[in-house]
Amino acid sequence: MKILVPIKRVVDPNIRVRVKSDQTGVETANLKMAINPFCEIAVEEAVRLQEAGKAKEVVLVTIGGSQCQDVLRTGMAMGADRAILIETDAALQPLGIAKLLKAVIEKEAPNLVITGKQAIDDDNNQTSQMLAALLGWPQGTFASKLELNGDHAVVTREIDGGLETLKLRLPAVISTDLRLNEPRYVKLPNIMKAKKKPLDVIKPETLGVDFAPRLKSLKVEEPAKRKAGIKVANVAELVAKLKNEAKVI
Amino acid sequence: MTELIKRRDIDFLLYEFLNVEQLLAHPRYADHDRKVFDAIIDTAVKIAEEKFQTCAKDLDNNEPSFDGQKVTLIPQVKEALRAFAEAGFPAATYANEQDGLQLPWTVFQAAMAYFHAANISLSAYPLLTGAAANLLNAHGSVEQKALYLPHMLSGRFFGTMCLSETQAGSSLSDIRTRAEPTDQGYYLIKGTKMWISGGEHDLAENIIHMVLAKIPGGPPGVKGISLFIVPKIHVQPDGSLGERNDVALAGLNHKMGYRGTVNTVMSFGEKDNCKGYLIGEPHKGLECMFHMMNEARIGIGMGATTIGYAGYLYSLDYARQRPQGRHPLNKNPQSPQVPIIEHADIRRLLLTQKSYVEGALALQLYCAMLVDEQKISADTNRKQVLALLLDILTPIAKSWPSEFCLEANKLAMQILGGYGYTREYPLERLYRDNRLNPIHEGTHGIHGIDLLGRKVRMAGGKAFTTLLDHIRETIREASGNRTLQAYAGQLSNTLQEVEKTTAVLIACENLNLSLANSTIYLDMLGHVVIAWTWLRQAIVVAANAGNATGDDKDFYQGKLAACRYFFHYELPKTHGMMQLLQSLDDTCLNITSSQL
Ligand SMILES: Cc1cc2nc3c(=O)[nH]c(=O)nc-3n(C[C@H](O)[C@H](O)[C@H](O)COP(=O)(O)OP(=O)(O)OC[C@H]3O[C@@H](n4cnc5c(N)ncnc54)[C@H](O)[C@@H]3O)c2cc1C
């Protein structure tokens, strides 16, 4: 069993981002970057499966500039065996990413792909679904529990009304939700060991897919500032305001 | 969530101010690089925030209890310390052969800063264990090291430092604990130790006490003190635990702060069967101890600094959010209130804190870098210079933050007004915690005496002149820069006065009079040293800030503002102190007990 985990480098979740003055995006220069938290959960799950003897190899993939090697090293320090960087400074969108991943997956032939359900920068929640569709593989999104049984995966998913359990034939694409696991702390000796694990850098051109962006973002703005609240005199006034002004009841 | 320590500041200090990467050229650090350092600090930040900080309030509210049988702490403590040990922090600076990572001490200190800032009463356990382990590593025999060290570095055993007794705190020459030699190779220890941090608990399988005691017949005073390993439970050569040693908990002390660090009265040899194992030679115990003291004291200074730093960032965040009052120019009571950070006086409180805590952090990491350089330097002259610098800077690195980062905590509390005084907010805890630092590891007063009575005079005044030479080098560098010229001039004038003051004090033959105001001398020289670290930071900013934009530009500008603040508001205070010192004022010396 080989597991492939695509991961993304994003602005550290503890950092408050600012919109660029020309409104073309958010400021990322000199900001602290980190592995996307959902991707971290995906790596953790893969490593746990390997530790439990259910998987043989865990391979990480990311797409982006050379600085993305950082998150690959982090993932290898968590326990992944090797990593692939598809190196490009071009703009990337979910469909292009899914296509690039598909090309790598065809080469690597993993039995399972585990992704984060979304990246906390753009919050698209699209890549894993698109990837499953392009591959023609079954998908189990928002997994809060994952079990492997021979040629099947049993996935418990968090859905609006509660939990749904799916049985998927492998190979399949799984995307992780927050409660799937609690990622481990990277151990210091493993940080050193990760330096010596193989990290292949490939150029996207060699994969022969068109990953040019299809969507154009027009403008990025700060959310409106929260206005000061008001005090209501009684319940009747509150109900009236909710009905007539907020129009929520 | 606000950061515990500004990561940008840590990065600035490590990579711009100290250029820690220069260590990589040495074979000891060849396996490392900046990415490894960053990843290690990332792990520290995570564990500090998720395991240490989250239980700080709980631990403060539930101090350790003793039911006559065992000491109990809230369960999160063990869990946090396990995460710390499993991540590999205790052994990080040790050699590869000892299952360590050969991490530079400077980077380790930067990582530790986060644990201290998150919860000092918890990080005190690894701090103590680390000090005991370092002592053993430096002075223990091969067998002793093999028996205890691996377990201390894996987190299986914890350690303590047992120096103080009820009648002997500052004055260790008066300890009474005895060590009777036997013909079995061990000594029988008998006595009571006071104030022992981490003396008893259920956080580790075993506790290894480092105990100072006197072997009968030895020389009087500090020259007759020896150092012993006293395990709580005897350890077999295969690492398994044997019988319990005759070490008993006599009681707990109930403290103002650091409440999670169990503080004990320990009784050794109540049944005349407490076995202790001599470290090094007889009567040389204090020398062994003090050999390791530089690092331990920088550790304490780092603790004091980071508690101040955490308070600063908390109060900064609060000041940005709390609306209260209007500008003096605005007479319209209907206009909205401004966030208090708009008030000049609040900005003064913030800048004072910033100049104290960031100045102190720069000093701590600078001293840590001296320790690293000392470890690898092959040049004997350079090694000597480093040793002298460390000798004279250590009392300052321990004491200045203990005094002034505590003051920073006071100012942080002031920014929160009444809220800061309540237990709903962490500032009163930070303040209580930090209040210990001028008391333990040598009181503030004792370090003043150490600095003026010993360090300034040692090696014919060479440590002192070495320090001044280093400061002058910075002054020379700064004089070439238009914006920094004025500070360079000011610091240069101050240094001349420092030299004059020191000469007067040393020339005074009456040592009682010469040392009567030594605490003021310590504060004064501390302020000069912190001004120096600010000027050094400003030089780095001048070189690196060129094209900075956005947050980075603000960061650099903030550094320059804090430097300016320190030179305008703080450094001038030293002149008053030096006037007093030069006058050899005897008011305090001569007032009698009955007049007070
Ligand atoms: C919470 C806590 C934890 C501690 N942990 C440990 C530990 O783990 N191991 C350990 O061994 N000890 C520990 N200590 C002890 C600590 O190091 C001592 O409290 C400290 O050295 C001061 O000793 P003392 O309390 O006896 O005060 P004293 O020595 O009695 O001092 C009282 C005052 O007199 C001043 N003074 C004393 N002598 C002189 C002098 N010659 N000239 C001028 N002024 C003087 C001091 O500066 C101080 O202000 C701890 C203490 C505390 C409070």
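In the predicted model, the buried residues of helix 14 of chain B, which spans residues 444-455, are B:His447, B:Gly448, B:Leu451, B:Leu452 and B:Lys455. Viewed down the axis of helix 14 of chain B, these buried residues fall within an arc of 125 degrees, so they line one face of the helix. An α-helix has 3.6 residues a turn, so residues three or four places apart point the same way. The partners against which the buried residues of helix 14 of chain B pack are helix 11, helix 15 (458-479), helix 16 (485-507) and helix 18 (518-544), which likewise belong to chain B.

The largest nonpolar core comprises 250 residues, and the members that touch the most others are A:Val5, A:Ala46, A:Ala80, B:Ile40, B:Tyr114, B:Phe228 and B:Leu535. To this core the most is given by helix 11 of chain B (residues 380-415), which supplies 16 residues. When residues up to four places away in sequence are left out of the count, B:Tyr114 touches B:Leu4, B:Ile5, B:Ala44, B:Val45 and B:Ala48.

In chain A, strand 7 (residues 139-149) pairs in the antiparallel sense with strand 8 (residues 152-159) of chain A over six bridges, and within this pairing A:Glu147 stands opposite A:Val154 of strand 8. The hairpin formed by strand 7 and strand 8 of chain A has two residues between the strands, and in it A:Gly150 adopts a positive phi near 60 degrees. Strand 7 of chain A also pairs with strand 10 (residues 172-176) of chain A, in the parallel sense and over three bridges, with A:Val173 in strand 10 as the bridge partner of A:Gln139.

Terms used. Residues are numbered from 1 along each chain as its sequence is written. Chains are lettered from A and ligands numbered from 1 in the order in which they are written. This is a predicted model: local features need pLDDT of at least 70, side-chain atom pairs count only at pLDDT 80 or more; totals for chains, interfaces and linings use all residues. A nonpolar core is a set of buried Ala, Val, Leu, Ile, Met, Phe, Trp, Tyr and Cys residues joined through C-beta atoms within 7 Å. A residue is buried if 20 or more other C-beta atoms lie within 10 Å of its own, exposed if 12 or fewer, and partly exposed in between; C-beta atoms are placed from the backbone. Helices (H or I, at least four residues) and strands (E, at least two) are DSSP runs, numbered from the N terminus. Two residues are in contact if their C-beta atoms, placed from the backbone, lie within 7 Å. The arc is that of the directions from the helix axis to the C-beta atoms. Two strands pair if DSSP finds at least two bridges between them.
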